[in-house]
Amino acid sequence: MKDWKPQHYRRATAANGVPASVLAAAVATGEKTIAVNPSLPPILTLKHLAHLTRVPYPSLRDYVTRQVDTYKTFRVRKRSCPGKPSGFRVICVPPANLSAVQQWIAQNVLAKAKPHHASTAFAPNSRLIDAAAPHCSSRWLIKIDVQRFFESITEVDCYRAFRSLGYQPLVSLELSRLCTRVGPLNRKSQSLRWYRKHPATKFKIKSYSVPRLGHLPQGAATSPMLANLVMREADELLTTLALRHGLTYTRYADDLTFSTSERSFKRESARQVIWEVYGILRRFGLAPNLAKTAIVPPRSRKIVLGLQVDQEVPRLTRAFKMKMRMHLHYLEREDVGPVKHAERRSFSAVAGMRNHLMGLAAYAMQIEPDYGAELKARLERLMWPVLY
């Protein structure tokens, strides 16, 4: 989308007999948005958004008023830690119309807004290796995970993020409603934090008065980048905290990493940092996952986002390479091959296994190009069945 300019508005409205006051209000609204970022598209009303996204206005109105909740939800098992039961991640899939709106917002609004420099995920051109690189050759690592990250971010947080981009209050409310979902009642959602504080009489649009607040659904195109914008203030506070303790801080979605090469840093210092980080997270309604908090001292293996950072550049882990070695060993054996190996490894189809392994090879090429290229070449040389 090209940068917005008011000239075509003035020309079109003059030809259609639009009152001068309406034209002035539209231009003023647009200029407030582009004053924040010239690349952001002004959104004047919900009907204007319907025009921009080519989604029927009644559908948008239903989503904003929470009249319908047509998200399809399913659970995905998380990776389990040794000796601990594995949990589940709830994935929410929006309906086609809502998905189209969310994708438009993600591509035309959120992708053009800058998150804090400590945020290393879900931004254009962001790479996993760049997220791990700042922690290479460190002596101490502190890793903290945020529990139910997306589901802890409310529509009020999203509203403030859209307001910070220059959108007007009503449009910001409507955008935040389109990007959030009111989930089922549970122990977490019964907290007062998830109920609207202002009475229904405060709403000029009565149909917008909904008692419960929505949260970011995991699975929506807008959730990752919107979460980054919501976290800008928290990232600023955490960066200040890290600098005060001589640490480097980065955040990859819900994974917070602190590191230092200072020899004077001690375990007591790490515990103090963790206590202060927990305090900052709770200020923003976020709960740390206590089971995943880790202090990694000197001479211990250091893994950040699945990459080994003991050396000057991130490397693939030994476990990853052993896994790929195992797959290729059986795939290249004449008495096993792709079909039998797919069955033994519980893949539903050989094509699914092939796509999975080619994806791992592409991932390896980003981290260790020569090793990844060798993996890809060996996979391509295999005698894959014609029908798989």
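On helix α13, E343 and R344 are exposed. This is a predicted model, so please keep that in mind throughout.

Helix α13 runs over residues 337-344, and its buried residues are G337, P338, H341 and A342. These four cover an arc of only 150° around the axis, which puts them on the same side of α13. An α-helix has 3.6 residues a turn, so residues three or four places apart point the same way.

What do the buried residues of α13 pack against? They pack against two helices, α12, residues 318-332, and α14, residues 350-367. Just after α13, S346 has a positive phi, about 65°.

Now to two loop residues, starting with N37. N37 lies in the loop between α2, residues 20-36, and α3, residues 46-53. Is N37 buried or exposed? N37 has a relative accessible area of 17%, and buried means under 20%, so N37 counts as buried. Its side chain reaches the backbone nitrogen of S39 at 2.9 Å.

With a relative accessible area of 70%, K114 is exposed. Which residues does K114 touch, leaving out those up to four places away in sequence? The answer is L229 and R232. In sequence, K114 and L229 are 115 residues apart. In space, their C-alpha atoms are 7.6 Å apart.

Terms used. Residues numbered from 1 in each chain as written. Predicted model: local features only at pLDDT ≥ 70, side-chain atom pairs only at ≥ 80, totals over all residues. Heavy atoms only, no water. Buried < 20%, exposed > 50% of the residue type's maximum accessible area, 1.4 Å probe, protein only. Arc of directions from axis to C-beta. Contact = heavy atoms within 4.5 Å. Polar contact = N/O pair within 3.5 Å; in protein donor to acceptor, adjacent residues only side chain to side chain.
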